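Thanks for asking me to look this one over.

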Amino acid sequence: MTVTPDRPTPTAAATTPPSITDRFVEANRTYAKTFRDGGMDARPVQKVTVVACMDARLDLFAALGLDLGDAHIIRNAGGVVTDDTIRSLTISQRALGTRSVVLIHHTGCGLLGLTEDFRRELELEVGQRPQWAVESFVDLDGDVRQSMQRVRTSPFLPHTDDVRGFVFDVHTGLLREIA
């Protein structure tokens, strides 16, 4: 068999490990075999939206005792309330009936201490300044308070009376409420 440089041999292709996305697709096939549509509505049963950090150490469903269909979950770097978070909260409240907002930041967050230098370095690297702010912080509790304030003062949100903020401890799994 003649092998050309632009074509891998069949054995080389067969030994390539599956990508993480390929593993997700396979896991989904397994999941779908026992999946049953319970007729859930898009409206969360508990009428709550949780805004949290995207950190992989936070298993929000387990930590909060949530089941599928209970809550809307909005995740981003730091769990900060940005314009896009307000957009999602507005749709969640006005179109899908949620009334409560729970904000969850966490210890050991990657945004703690990150600075706007990150944006400047990115601009130098790619030649374009990002349109978004890093939204980093040095005071974890203070940033939770700021996020709560952003929700409570948004003119787009009709339900701002039940907004609570917490810090999740990644070592103990406990929530600490921020007043």
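1. First, a term: a residue counts as buried when its relative accessible area is under 20%, and as exposed when that area is over 50%, with partly exposed in between. Please keep in mind that this is a predicted model. By that cut-off, 32% of the 179 residues of the chain are buried.

2. On the overall layout, the chain has six helices and five strands. Read from the N terminus, their order is α-α-β-α-β-α-β-α-α-β-β. The chain is more spread out than a compact globule, because its radius of gyration is 21 Å, well over the 16 Å that the globule rule gives for 179 residues. Along the principal axes, the C-alpha atoms fill a box of roughly 70 × 50 × 35 Å.

3. Taking contacts between residues at least 6 apart in sequence, 64% join residues at least 24 apart.

4. The largest nonpolar core holds 21 residues, and Leu-89, Val-101, Leu-103 and Val-151 have the most contacts inside it. Two or more residues each come from strand 1 (48-53), helix 4 (83-94), strand 3 (100-106), helix 6 (140-152) and strand 4 (163-168). Helix 6 is the one that gives the most, with four residues.

5. Which residues does Val-151 touch, leaving aside its neighbours within four places in sequence? Its contacts are Val-81, Ile-86, Leu-89, Val-101, Leu-103, Leu-157, Thr-160 and Val-163.

6. Is Asp-83 buried or exposed? Asp-83 is exposed, because its relative accessible area is 71%, and the cut-off for exposed is over 50%. Although Asp-83 and Arg-150 are 67 residues apart in sequence, their C-alpha atoms are 9.5 Å apart in space.

7. Tyr-31, Phe-35, Met-40 and Leu-68 make a nonpolar surface patch of about 440 Å². Of these, Tyr-31 lies in helix 2, which covers residues 20-34. Tyr-31 counts as partly exposed because its relative accessibility is 45%, a value that falls between the under 20% and over 50% cut-offs.

Definitions and conventions: Residues are numbered from 1 along each chain as its sequence is written. This is a predicted model: local features need pLDDT of at least 70, side-chain atom pairs count only at pLDDT 80 or more; totals for chains, interfaces and linings use all residues. Side-chain values use heavy atoms; hydrogens and water are left out. A nonpolar core is a set of buried Ala, Val, Leu, Ile, Met, Phe, Trp, Tyr and Cys residues joined through side-chain atoms within 4.5 Å. Buried means under 20% relative accessible area, exposed over 50%, partly exposed in between (1.4 Å probe, protein chains only). Contact means heavy atoms within 4.5 Å. Patches are made of residues with over 30% relative accessible area and no salt bridge: like charges are joined within 9 Å, nonpolar side chains (Val, Leu, Ile, Met, Phe, Trp, Tyr) within 5 Å. Accessible areas come from the Shrake-Rupley method with a 1.4 Å probe; for residues, only the protein chains shown count as cover. A salt bridge is a side-chain nitrogen of Lys or Arg within 4 Å of a carboxyl oxygen of Asp or Glu. The radius of gyration is taken over C-alpha atoms; the globule rule is 2.2 Å times the number of residues to the power 0.38.
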